[in-house]
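Visitor: I am new to this structure and would like to be guided through it slowly. Could you take my questions one at a time?

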Amino acid sequence: MTTEEKNAAAAPGAKRYRLNDTPIAARPLEPALYLVATPIGNLGDITIRALETLAGADVLACEDTRVTRVLLDRYGIENRPYAYHEHNADEAGARLLAALEAGKSVALVSDAGTPLVSDPGYRLGQLAIEAGHRVVPIPGASAPLAALVGSGLPNDAFLFAGFLPTKDKAKRDRLRELSKVPATLIFFESPHRIGDTLTAAADELGNDRPASVCRELTKTFEEFRRGPLGDLAQDYAEKTVKGEIVLVIGPPAPDAAPDAADVDSLLAELSATMPTAKAATEAARLTGLPRKDLYQRLLELKGAA
């Protein structure tokens, strides 16, 4: 750090942040809505770019000023945070949009993790885009991704589904809707509902479906409980737990390939009422097998007839 930079950072009223007791000047930000990811537990997980944005923004909006103040104090940021949450979204959102219209930089954070993910900030981001303002994501900590990579479950395809409904029937209906999605499922869940949710998931998705209950991620008492849904449902049936939870459920097992004799019977039945090409297409839809292979097999069956 040059002497000039140190003097700028130490100047009264300077926009700055602090790393290892060293004040660092925050560079000016262009007018935009900055969506800043913050730590989900361990305050050391903040990024340098996030600190610079929090310190340099003209306006800093957050879900809970008390929570965000802890982070700001840790890194010597004097920027004053303003509350923006689901209960004041209309009024506070209008003020933030007005600031953007005035050419100011606006930073938005949630209590933890990435804003707009299961968060009222989604609407603000949408309105800013519709008004033609630049929206800049500042990536960082994310509870769904931390849970996914720590769960040990497949991560080549995954679906973050937020919170499940609280009512049992609605919860089971939602799980049933998602039961065949060929991807790992990720949910947020509260500690007092995790037992009922695991029971419903085991009933609707199958006792043997692999899952992981990820609790207190990045915090002192971080815990991963991995196993089949049925076993986890039993473990948490009478268990009292605390802290924030992410439930990760592995994808469904692939359907067994249909028996060759059954495929031949289906092809014969379909070809009796429709052209060969159409019969092969319909058989592919019903069996999940490649259309090309089914078409060739149908030609073989017709040639042998």
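Guide: What follows is a set of questions and answers about a predicted model.

Visitor: Which helices and strands do the buried residues of H4 pack against?
Guide: Helix H4 covers residues 89-101, and its 13 residues reach 17 Å from the first C-alpha to the last, close to the 18 Å expected at 1.5 Å a residue. Within H4, the residues Ala92, Gly93, Leu96, Leu97, Ala99 and Leu100 are buried. Because they cover an arc of only 155° around the axis, they lie on the same side of H4. The buried residues of H4 pack against strand S3 (32-36), strand S4 (59-62), strand S5 (81-83), S6 and H5.

Visitor: Which residues are exposed on the other side of H4?
Guide: The buried residues of H4 include Leu96 and Leu97, and exposed means over 50% relative accessible area. On the other side of H4, the exposed residues are Asp90, Glu91 and Glu101.

Visitor: Is Pro115 buried or exposed?
Guide: Pro115 lies in the loop between strand S6 (105-109) and helix H5 (121-130). Not counting residues up to four places away in sequence, Pro115 touches Leu35, Val36, Ala37, Leu108, Val109 and Ser110. Its relative accessible area is 4%, and since a residue under 20% counts as buried, Pro115 is buried.

Visitor: How many Å apart in space are Pro115 and Ser142?
Guide: In sequence, Pro115 and Ser142 are 27 residues apart. In space, from C-alpha to C-alpha, the distance between Pro115 and Ser142 is 9.3 Å.

Visitor: Why do the rings of Phe160 and Phe188 count as edge-to-face?
Guide: The count of aromatic pairs comes to 2. In the pair of Phe160 and Phe188, the ring centres are 5.0 Å apart and the planes stand at 70°. Since planes over 60 degrees apart count as edge-to-face, the pair of Phe160 and Phe188 is edge-to-face.

Visitor: How many residues apart in the chain are Phe160 and Phe188?
Guide: Phe160 belongs to strand S8 (residues 158-163), while Phe188 belongs to strand S9 (residues 184-189). Phe160 is partly exposed at a relative accessible area of 27%, whereas Phe188 counts as buried at 14%. Ring pairs link Phe160, Phe163 and Phe188 into a cluster. The pair of Phe160 and Phe188 links distant parts of the chain, 28 residues apart.

Visitor: What is the relative accessible area of Ser212?
Guide: Ser212 lies in strand S10 (residues 210-215). Leaving aside its neighbours within four places in sequence, Ser212 is in contact with Ser151, Leu153, Phe224, Arg225, Arg226, Leu232, Val246, Leu247 and Val248. Ser212 is buried, and its relative accessible area is 0%.

Visitor: Which residue has its charged end over the ring of Tyr236?
Guide: The charged end in question is 6.0 Å from the centre of the Tyr236 ring. The residue whose charged end sits over the ring of Tyr236 is Lys239.

Visitor: Which helices do the buried residues of H10 pack against?
Guide: Helix H10 has 12 residues (260-271), which should span 16 Å at 1.5 Å a residue, and its end C-alpha atoms are 16 Å apart, which agrees. The buried residues of H10 are Val263, Leu266, Leu267 and Leu270. They cover an arc of only 100° around the axis, so they are on the same side of H10. The buried residues of H10 pack against helix H11 (276-287) and helix H12 (291-304).

Visitor: Which residue caps the N-terminal end of H10?
Guide: At the N-terminal end of H10, a side-chain oxygen of the capping residue lies 3.0 Å from the backbone nitrogen of Ala261. The capping residue is Asp259.

Methods. Residues are numbered from 1 along each chain as its sequence is written. This is a predicted model: local features need pLDDT of at least 70, side-chain atom pairs count only at pLDDT 80 or more; totals for chains, interfaces and linings use all residues. Side-chain values use heavy atoms; hydrogens and water are left out. Rings of Phe, Tyr and Trp (its six-membered ring) pair if their centres lie within 6.5 Å; planes under 30 degrees apart count as stacked, over 60 as edge-to-face and the rest as tilted. Helices (H or I, at least four residues) and strands (E, at least two) are DSSP runs, numbered from the N terminus. Buried means under 20% relative accessible area, exposed over 50%, partly exposed in between (1.4 Å probe, protein chains only). A charge sits over a ring if NZ of Lys or CZ of Arg is within 6 Å of the ring centre and within 35 degrees of the ring normal. Contact means heavy atoms within 4.5 Å. The expected span of a helix is 1.5 Å times one less than its number of residues. The arc is that of the directions from the helix axis to the C-beta atoms. A polar contact is a pair of N or O atoms within 3.5 Å; within protein, one must be able to donate a hydrogen and the other to accept it, and residues adjacent in sequence count only if both atoms are side-chain atoms.
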